[in-house]
Each structure stands twice: as C-alpha cells, then as structure tokens.
Amino acid sequence: MLYNRQIVLYNHYMENFSFITDGEYVKRGYLKEDYKVFHIKDKRKENFEFHYHEFSKIIFFISGDVKYNIEGKEYQLEPYDVLLVKSGDIHRPIINENEMYERIVIWIDDKYLKSINLTKCFEVADSKGIHVIKTADNNLFKLADTLSNSNHDDYAAEQFNNAVLTQILILITRRIMNNDVVTAVFKSDKQIDTIISFINSNLDKKLTVNDISNEFFISRYYLMHKFKECTGKSVYSYIQSKKLIKALNNINNGMTAKQACFESGFGDYSVFLKAFKKEFGVSPSKIR
C-alpha cells in the first residue's frame, strides 16, 4: 500500500489513462492489484466523457460541487455520500473546477471480491437500483480514512488493510440488505431507466434499436434522441459495450471465447472477435 501523498499523484496518472474505442464509450484506468486506495483533494479542469471500468469502485465523497451520472441517473453529491459503481457501469462525473473536490476512492478487482466472497456488496445494490447511499453515521468514512492512511511499513499492513476493506464491504452490504440506508435523490427519465434495465436483462439476445422501439411502443427517432439525451451516448454504443463487458467477464470466469460470444448475443464469431479487440485492445485469447 502506498503512502497517502503518493496515492494522490498515482491516481492522477491512473485516472487519465484510457483506451479510446470508437469515439463512444471509453474504458478508463487499469488495476493490477487486488484493490487500490486513493485520498484525493484537488481542483482541476477536466471534462470526463462517459466511461466504464473493468473493476468496481467505491467513492466516499467528502466535499466539492460534483454531479455523477451513472447508468442514466444523475446524482448531485452531498458530503458523506457513498457511491457504488460496479464494473461495467457507464458513468461520468461533472465537476465544478472552482470548488475543492475531496474524496476517498477504492478500486476493487472483481476476482478479489469473488475470492473473499463479498460480491454481494455490488450485487445487492445493483438489484435495488442503488448507486449512491447516505449513511446515518460516519463510521464508514473513518474506516475509509484509516485504509487510505495506512502505512505499508507497519507490522502486518497487508492483513490489516484487507481486514479494514472487508469491514467496509460488509457494513455497506448489511445496511443495503437491511434497508438501513437512505438512497440519494437523482434525476432520470423513468422510461429510459426501464429501457436500460431491459437491455441489461437481455444481453444474451440480439438487440436492435427497432427491437427496443417496438418493445416499448415508441418511435425509433424518439428512442435514439431520448436515450442519448439521458445517457450521453447512442443506443447501439450502449448495447455493444454492455455485451462486450459481459463477454469479458465470462471469459475471465473461465468460459471459452466462443461460448462468451454467443452468451453475449453475438450471432457471428468473427464479428465478435473484431469488436472485442477494438473495445479492449487485445483478442479474447490474450485475456485468457
């Protein structure tokens, strides 16, 4: 684990690293450890495009003027909000550069979550449509601060950090499962919310703009216009990215590339291979 000051500098590099795909969604950052912790306090001018990560993350918001758009929902953050962004969630922060923005961020590898049997933290939140929670006390923030200030030279630092992160994940999961949280207010279009849910529940099927417009009895033009207005991107781009992320997760979990191709609703393996390499920069065989 890095010292706090080093973490901030390292984060600025990591946050700005991205893979450009087709001018649509972008994969930002990369994670090679089980998890990474950053405590950041800064002012900087940067317009983030909509993007996603191959890891999950928790953001402990301390101060600033920040809006977060996650899967078509826009949240105006307030101090001591906790954001849960699972891997593959398409999101974008909108930051007022004139205000000091302070937050503690934890990036967590999904394989690590699985290895410690704590994937429920994001699964339960996702099943309830929760991205931002408000906590009744600041215990979670104290734990996050302890983790971000941990000294890697201390005795049994790795075991200590793992234990603190485990506490954070368990507390968040328990509170969501017990309905012991207040979910943050957000702006969204209910129809687009339903359409996004429909898409994510049917990624194993062939999905086109016409299919979706027929399913919801709306015009193709209205769907494309409204979807882009709410999410920032086209229906096609959203579906394509989500299908490829699903395929990537399946491959990481041991599925063959061909199985992952058809489980993600691609009817043509050669088309899948080309799209996969364009999205992630490597072929499925390199992932395995």
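Axes here are lines fitted to C-alpha atoms, for helices over the stretch in contact, and angles run from 0 to 180 degrees between N-to-C directions. Contact means heavy atoms within 4.5 Å. Helices (H or I, at least four residues) and strands (E, at least two) are DSSP runs, numbered from the N terminus.

Before we go on, a word on the model. It is predicted: local features need pLDDT of at least 70 and side-chain atom pairs count only at pLDDT 80 or more, while totals for chains, interfaces and linings use all residues. Residues are numbered from 1 along each chain as its sequence is written, and side-chain values use heavy atoms, with hydrogens and water left out.

**The sheet**

Now to the strands under that helix. The open sheet has 6 strands in the order β3-β10-β5-β8-β11-β12, with antiparallel pairing. At its edges are β3 (35-42) and β12 (182-183), each of which pairs on one side only. Two strands pair if DSSP finds at least two bridges between them.

| Strands | Bridges | Partners |
|---|---|---|
| β3 and β10 (residues 101-108) | 8 bridges | Val 37 and Ile 106 |
| β5 and β8 | 4 bridges | Ile 59 and Leu 83 |
| β8 and β11 (residues 132-134) | 3 bridges | Asp 81 and Lys 134 |

Strand β8 deserves a look of its own.

**A helix pair**

Helix α3 (residues 120-127) packs with helix α5 (residues 157-177) at an angle of about 25°, their axes 9 Å apart. The two are therefore roughly parallel to each other, a term for angles under 35 degrees. On the α3 side, the residues that meet α5 include Lys 120 and Val 124, and their partners in α5 include Leu 169 and Ile 172.

**Cysteines**

A search of the whole structure finds 0 disulfides, a disulfide being a pair of cysteine sulfur atoms within 2.5 Å. Cys 230 is buried at a relative accessible area of 15%, and Cys 261 is buried at 0%.

Key: Buried < 20%, exposed > 50% of the residue type's maximum accessible area, 1.4 Å probe, protein only. Parallel < 35°, antiparallel > 145°, perpendicular 65-115°, else oblique.
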